[in-house]
Amino acid sequence: MPGLTLHKVQKYYEKVPVIPCLSLDIKSGEFLVLVGPSGCGKSTLLRMIAGLEEMTGGKISIGDTDVTTLPTGQRGLSMVFQSYALYPHMTVRQNLAFGLKNMRTPPAEIEQRIAQAAQALRLTEMLDRLPQNLSGGQRQRVAIGRSIVQQPQVFLFDEPLSNLDAALRVQMRQEISRLHTRLKNTMIYVTHDQVEAMTLADRIVVLNKGNIEQIGTPVELYNTPDTLFVAEFIGTPKINLLPAKIEAGNLLLEGQAPVSLRNTPFAHLPAQPVSLALRPEHLRLNEATDFPLEVSVDFTELQGDSTLVYASYGDHVLRLKSSKQLRFEPGTPLTLGFNAAAILIFDAQGRRIKPAYKRVWLNTRPFCILKTQTFRALASNTPTSINSEPKIRFSNCICLGALTQPAMRVASVA
């Protein structure tokens with residue numbers, strides 16, 4: 001299946017820029033998710049790809065074909081909308097066949113395509129039902145089936161799960177993921193729900209005011225966000241943020257004694273105000289850490305398999321995610337803390353400050369910082385097994401966490 005290229009795409013409403021200038025390459029067979037807050041331009045971008053919205057400037061190519069000026073019906077695309085848009089007086093079979101009949105597809109081929117789509121989406125027993133006799137999830141499957149029978153080159157999804165309840169959204173995410181695995185078509189999916197983005201995407205494009213903030217895999221965006229905007233948008237519950245300063249080689253956090261950065265990857269940083277960002281699961285409760293914090297509990301949310309604890313630290317609210325079942329009364333004093341290996345540091349402009357050394361993630365968890373010259377395989381981002389390299393000497397590492405499973409594979413290098 002062909003990929004898709006956007007080159008300097010622009011969209012203005014009169015003089016108001018919705019998408020100032022955006023370029024993007026989407027790989028063949030990729031499941032790409034466009035995500036961002038309301039008004040960021042993601043649906044407008046999808047509608048321009050579909051030919052439903054006129055562009056102010058730029059070029060759109062599908063494979064080697066320039067489709068910028070082609071009408072929607074000639075682009076080889078199929079789109080699934082937030083509303084099901086089913087004909088209420090037609091059965092499921094008739095809804096699936098309607099577009100094919102308009103294209104004068106032979107009846108035998110129509111029946112074959114409907115049978116294949118119905119089997120893939122588990123609609124075979126519902127083909128003779130009217131939409132009013134279907135659940136919300138079943139209606140959405142019919143809408144997806146209507147796209148499948150068109151046999152498009154590229155599938156477009158515009159927030160297709162927004163009208164479904166929580167349980168049905170989980171079910172339909174699984175259905176769409178299985179569909180992509182089976183068809184291997186290029187799929188572009190728009191959502192404001194970062195959980196959908198994290199669970200479905202091969203790559204995620206985070207949009208902010210019509211501009212691309214960051215492109216990467218779900219793990220890359222979660223572990224190494226380029227900006228504070230991405231760090232705050234990706235992840236549930238939201239990342240913890242604390243203002244701090246770097247002065248004379250020390251990290252100054254409100255209410256804490258200065259912490260030396262001398263033997264850390266951030267020792268090179270000049271004096272400046274910064275923001276510390278920390279994922280809720282990296283906070284520790286009643287453990288010895290590099291940064292202990294005395295907090296007061298606001299409330300707890302028991303979620304069965306885990307607990308979210310919201311606590312006040314001065315004027316800031318910290319969120320702790322624990323795998324234990326905890327219960328604290330409001331006002332309970334606690335000692336939370338975190339280690340230097342887990343923090344992300346952002347400058348005053350909201351850009352992530354990258355460490356001077358390579359950060360190695362084992363199963364997406366950081367355990368140490370390596371000098372750049374250590375392990376040339378890692379410098380080229382080549383996955384390698386720790387045990388397969390006999391020359392590794394951990395004396396060359398600055399260990400910021402316990403090494404408990406040395407046989408684990410290196411997942412990525414940040």
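## Helix H1 and its burial

A residue is called buried when its relative accessible area is under 20%. By that criterion, in this predicted model, the buried residues of helix H1 are Lys 42, Thr 44, Leu 45, Leu 46, Met 48, Ile 49 and Ala 50.

Just after H1 comes Gly 51, whose phi is positive, at about 85°.

## The packing of H2 against H3

Two packed helices are described by the angle between their axes together with the distance between those axes. For helix H2, residues 92–102, and helix H3, residues 107–120, the axes come within 10 Å and cross at roughly 135°. An angle over 145 degrees would count as roughly antiparallel, and one of 65 to 115 as roughly perpendicular; H2 and H3 are therefore oblique to each other. The crossing of these two helices is right-handed.

On the H2 side, the contact is made by Arg 93, Leu 96, Ala 97, Leu 100 and Lys 101, while H3 contributes Ile 110, Glu 111, Arg 113 and Ile 114. Sorted by class, this contact of H2 with H3 comprises 5 nonpolar and 4 charged residues, with no polar residue taking part. An α-helix has 3.6 residues a turn, so residues three or four places apart point the same way. In H2, the contacting residues include Arg 93, Leu 96 and Leu 100, and in H3 they include Ile 110 and Ile 114.

## Aromatic pairs

The structure holds 7 aromatic pairs. In one of them, the ring centres of Phe 155 and Phe 157 are 6.3 Å apart and the ring planes stand at 20°, so the pair is stacked. Both Phe 155 and Phe 157 are buried, and these two residues also belong to one aromatic cluster that is formed with Phe 31 and Tyr 189.

Phe 291 and Phe 338 form another stacked aromatic pair, with 4.8 Å from centre to centre and 15° between the planes. Phe 291 lies in strand S16, residues 291–302, and Phe 338 lies in strand S19, residues 333–338, so this pair ties together parts that are 47 residues apart in sequence. Phe 291 counts as buried because its relative accessibility is 4%, and Phe 338 likewise counts as buried, at 2% relative accessibility.

Key: Residues numbered from 1 in each chain as written. Predicted model: local features only at pLDDT ≥ 70, side-chain atom pairs only at ≥ 80, totals over all residues. Heavy atoms only, no water. Axes fitted to C-alpha atoms, helices over the stretch in contact; angles between N-to-C directions. Helix = DSSP H or I, 4+ residues; strand = E, 2+ residues; numbered from the N terminus. Parallel < 35°, antiparallel > 145°, perpendicular 65-115°, else oblique. Left-handed = near helix turned anticlockwise from the far one by under 90°. Contact = heavy atoms within 4.5 Å. Nonpolar A, V, L, I, M, F, W, Y, C, P; charged D, E, K, R; others polar. Phe/Tyr/Trp six-rings, centres within 6.5 Å; stacked < 30°, edge-to-face > 60°. Buried < 20%, exposed > 50% of the residue type's maximum accessible area, 1.4 Å probe, protein only.
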